[in-house]
Amino acid sequence: MTKIPTDICIVGGAGHVGLPLAIVFALKGQNVLIYDTNPAALDLIARGEMPFMEKGAEPLLKQALKEGRLRLSSRPSDIAGARALVITIGTPIDEFLNPTVVEMARAFEPLLPFLSDGQLIILRSTVFPGTTAWLASHLSDRGKRVLLSFCPERIVQGLAIEELQKLPQIISGMTPEAEEAAGKLFSLIAPEVVRLAPQEAEFSKLFCNAYRYIQFAISNQFYTMVSAHGLDYYKILDALKKNYSRMADMPKAGLAAGPCLLKDTMQLTAFSNNEFSLGLSAMQVNEGLPLRIVEQLGWKHDLSKMTVGLLGMAFKADIDDPRSSLSYKLKKVLIFKTRKVLTTDPYVKDADLVPLETVVAESDILILCTPHKIYKGLDTKGKIVIDIWNYFGKGGLI
């Protein structure tokens with residue numbers, strides 16, 4: 001049997017970044033190999049099932065599999081001969097909140113024997129500024145003459161299938177040839193490509209997430225400031241935004257979390273020798289919000305005698321991803337302050353979760369942590385409700 005050539009191999013292709021990208025490329029006629037070391041996720045994908053929530057993805061996954069455009073593997077040797085590799089492994093941060101490129105080097109070790117000269121390699125996830133250049137040197141020292149590029153994803157989790165085909169794609173390359181090859185590849189799916197130098201592209205991705213994180217921190221700071229004095233932040237917010245376009249994009253207060261916002265803000269902080277004061281302040285505000293909520297609740301209620309129910313444990317609305325969710329930080333704080341803490345979420349997989357009806361019935365206080373659509377119009381049975389997001393439209397007072 002003639003082996004089907006691999007146009008694109010997505011390394012880490014069973015994850016939130018890689019799998020939607022693999023599906024979209026496959027539906028554009030590319031032969032795509034998903035390489036991943038997670039056998040459980042690969043088994044689900046092989047059956048045409050998404051391992052996580054992604055709007056509109058599952059029917060398209062089934063179509064790509066049926067057309068034979070999507071293959072799966074956990075063997076590094078299968079990447080050999082792929083015309084392009086897309087690496088969806090970012091720069092993690094260590095226990096001191098400093099980025100480490102060691103993990104990137106480790107991720108490449110099993111792949112090195114199967115890389116070929118002239119192969120296009122695209123870094124897709126967030127990396128510390130200078131990582132693309134560092135990796136180019138690292139690979140060159142090992143005799144690999146590849147075309148290395150950094151092309152960041154800027155997708156809202158859960159809407160990747162739609163946004164990959166709607167948003168401009170920033171591209172870069174360590175050489176003109178690498179940049180040209182990356183641009184040609186992403187032109188298959190994106191409406192336009194925007195060209196930057198590699199380090200400029202690295203900063204662009206970090207700036208996107210840090211900017212959003214700081215925006216949330218501004219609202220969260222204002223929220224805690226006025227709620228501490230018994231004022232309704234949302235009454236103020238609605239008034240200042242009414243028919244006033246300059247404030248239209250000011251976000252609501254809420255638990256700002258997830259696997260990227262804090263991490264990427266800390267990467268910029270580390271890059272600037274801890275002189276990114278706005279980022280550090282944003283971290284203090286956003287990470288401190290659960291503490292402020294519990295503190296203000298304690299002013300009005302004897303929490304030691306109360307059961308508190310947390311509605312939503314995912315890091316954002318209408319997804320099933322609990323990574324870095326501040327709902328869990330709030331839970332840890334409340335465990336030491338209350339009689340009991342109950343948690344629920346319609347999408348997250350967690351053995352400690354209980355049914356929504358149980359949480360509402362048995363709690364004295366309910367805190368809306370994640371504004372899932374399913375909670376809209378929820379009958380809270382007259383319980384005390386802390387609605388940081390003003391999702392129920394009754395104000396955000398604690």
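This is a predicted model: local features need pLDDT of at least 70, side-chain atom pairs count only at pLDDT 80 or more; totals for chains, interfaces and linings use all residues.

Student: What describes a pair of aromatic rings?
Tutor: The distance of the centres and the angle of the planes describe such a pair.

Student: Which kind of pair do F128 and F271 form, then?
Tutor: Their ring centres are 5.7 Å apart and their planes stand at 65 degrees, so the pair is edge-to-face. An angle over 60 degrees is what counts as edge-to-face.

Student: And where do F128 and F271 sit in the chain?
Tutor: F128 is in the loop between β5 (120-123) and α5 (131-141), while F271 belongs to helix α10 (residues 261-271). The two are 143 residues apart, and the pair links distant parts of the chain.

Student: Is F271 buried, partly exposed or exposed?
Tutor: F271 counts as partly exposed because its relative accessibility is 35%, which falls between the limits of 20% and 50%.

Student: What about F203 and F271?
Tutor: F203 and F271 form an edge-to-face pair as well, with 5.0 Å from centre to centre and 85 degrees between the planes. F203 lies in helix α8 (residues 198-227) and F271 in helix α10, so this pair ties together parts 68 residues apart in sequence. F203 has 18% relative accessibility and therefore counts as buried.

Student: Which residues make up the cluster linked by ring pairs?
Tutor: The cluster consists of F128, F203, F207 and F271.

Student: Changing topic: what lies over the face of Y391?
Tutor: K376 does, at 4.1 Å from the ring centre.

Student: Last one: which residues of α3 are buried?
Tutor: In helix α3 (residues 57-66), A57, L61 and A64 are buried. They cover an arc of only 65 degrees around the axis, which puts them on the same side of α3.

Student: What is on the face turned away from that buried side?
Tutor: That face of α3 carries the exposed residues P59 and K66.

How values were computed:
Residues are numbered from 1 along each chain as its sequence is written. Side-chain values use heavy atoms; hydrogens and water are left out. Rings of Phe, Tyr and Trp (its six-membered ring) pair if their centres lie within 6.5 Å; planes under 30 degrees apart count as stacked, over 60 as edge-to-face and the rest as tilted. Helices (H or I, at least four residues) and strands (E, at least two) are DSSP runs, numbered from the N terminus. Buried means under 20% relative accessible area, exposed over 50%, partly exposed in between (1.4 Å probe, protein chains only). A charge sits over a ring if NZ of Lys or CZ of Arg is within 6 Å of the ring centre and within 35 degrees of the ring normal. The arc is that of the directions from the helix axis to the C-beta atoms.
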